[in-house]
Amino acid sequence: MSEGWFVVNAREAGWERLEGSGRWCTFEADVRFEEYGINIHVLDPGEPNAMYHGENAQEDFLVLSGECVLVIEGEERRLRQWDFVHCPPWARHVLVGSGDGPCAILMAGTRTPDVELIYPVDAAALAHGAGVREETDDPSVAYAGRQKPVPSPYREGDLPAEVDRAR
């Protein structure tokens, strides 16, 4: 793909996975969107999408299928299909897959030229394996010991059944 407009089907876009943190569709491929990031992230039960964090940019999440737990500002909230979450800058949060099967979430976030992050200690996040034991603002410390994402082709069932049947 090159700069400019394009159309891509989520099943045919690039996908990546990170052991223990799910898999996601990378719509951007070779061209990074300047103003925001967007993807579909699929979590199996117990998988967090990230480490519990806050940042100086807003993010939004729409559950497309399945169930997950939102840990936000130290509170847990169960989410299901069509639940929408808005996180203003510095809202501390993480999503963790739950239920009987995969949870597909549309994720979008603004991009700022000077990204600032905080990974605070939080008991609820730690209980879900999605928290740090010591506060840091360094992603390499928060994710120490984790592997890097690897390419992972689309798998049947990554997207809601209604989407897979629409082929």
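# Guided tour of the model

Start by selecting tyrosine 143, which is partly exposed at a relative accessible area of 24%. Here buried stands for under 20% relative accessible area, exposed for over 50%, and partly exposed for values in between, using a 1.4 Å probe and protein chains only. The model is predicted: local features need pLDDT of at least 70 and side-chain atom pairs count only at pLDDT 80 or more, while totals for chains, interfaces and linings use all residues. Residues are numbered from 1 along each chain as its sequence is written, and side-chain values use heavy atoms, with hydrogens and water left out.

**The tyrosine pair**

The whole structure holds three aromatic pairs. Rings of Phe, Tyr and Trp (its six-membered ring) pair if their centres lie within 6.5 Å; planes under 30 degrees apart are stacked, over 60 edge-to-face, and the rest tilted. Tyrosine 119 and tyrosine 143 form an edge-to-face pair, 5.9 Å from centre to centre with 90° between the planes. Tyrosine 119 sits in the loop between strand E11 (117-118) and helix H1 (123-127), and tyrosine 143 in the loop between helix H2 (139-142) and E12, so the pair ties together parts 24 residues apart in sequence. Helices (H or I, at least four residues) and strands (E, at least two) are DSSP runs, numbered from the N terminus. For another aromatic group, select Phe6, Phe33 and Tyr36, which form one cluster.

**The sheet**

Switch to a cartoon view and follow the seven strands of an open sheet in the order E8-E5-E10-E3-E2-E1-E12, with antiparallel pairing. E8 and strand E12 (150-151) are at the edges with a single partner strand each, so one side of each has no neighbour in the sheet. Two strands pair if DSSP finds at least two bridges between them.

At the E12 end, two bridges join this strand to E1 (residues 14-17). To see one, select arginine 17 and its bridge partner in E12, valine 150.

Now move to E5. Five of its seven residues are buried, so the rest of the structure largely encloses this strand. E5 pairs with E8 over four antiparallel bridges, and glutamate 59 has cysteine 87 as its bridge partner in E8. Six bridges join E5 to E10, again antiparallel; there, aspartate 60 is partnered with alanine 108 of E10.

**The cores**

Of its 13 residues, Phe61, Cys68, Leu79, Val85, Leu95 and Ile105 touch the most other members. The elements giving two or more residues are E5 (59-65), E6 (67-72), E8 (84-87) and E10 (103-110). E10 has the largest share, three residues. Apart from this core lies another, of eleven residues, among them Ala10, Cys25, Tyr154 and Leu159.

Centre the view on cysteine 68. Beyond its neighbours within four places in sequence, its contacts (heavy atoms within 4.5 Å) include Val63, Leu79, Leu95, Cys103 and Ile105.

Most residues other than glycine have a negative phi. Which phi does glutamate 73 have? Its phi is positive, about 50°. Glutamate 73 lies in the loop between E6 and strand E7 (75-80) and is partly exposed at 46% relative accessibility.

End at tryptophan 82, in the loop between E7 and E8. Its phi is also positive, about 80°, and tryptophan 82 is exposed, with a relative accessible area of 57%.

Key: Core = buried A, V, L, I, M, F, W, Y, C linked by side-chain atoms within 4.5 Å.
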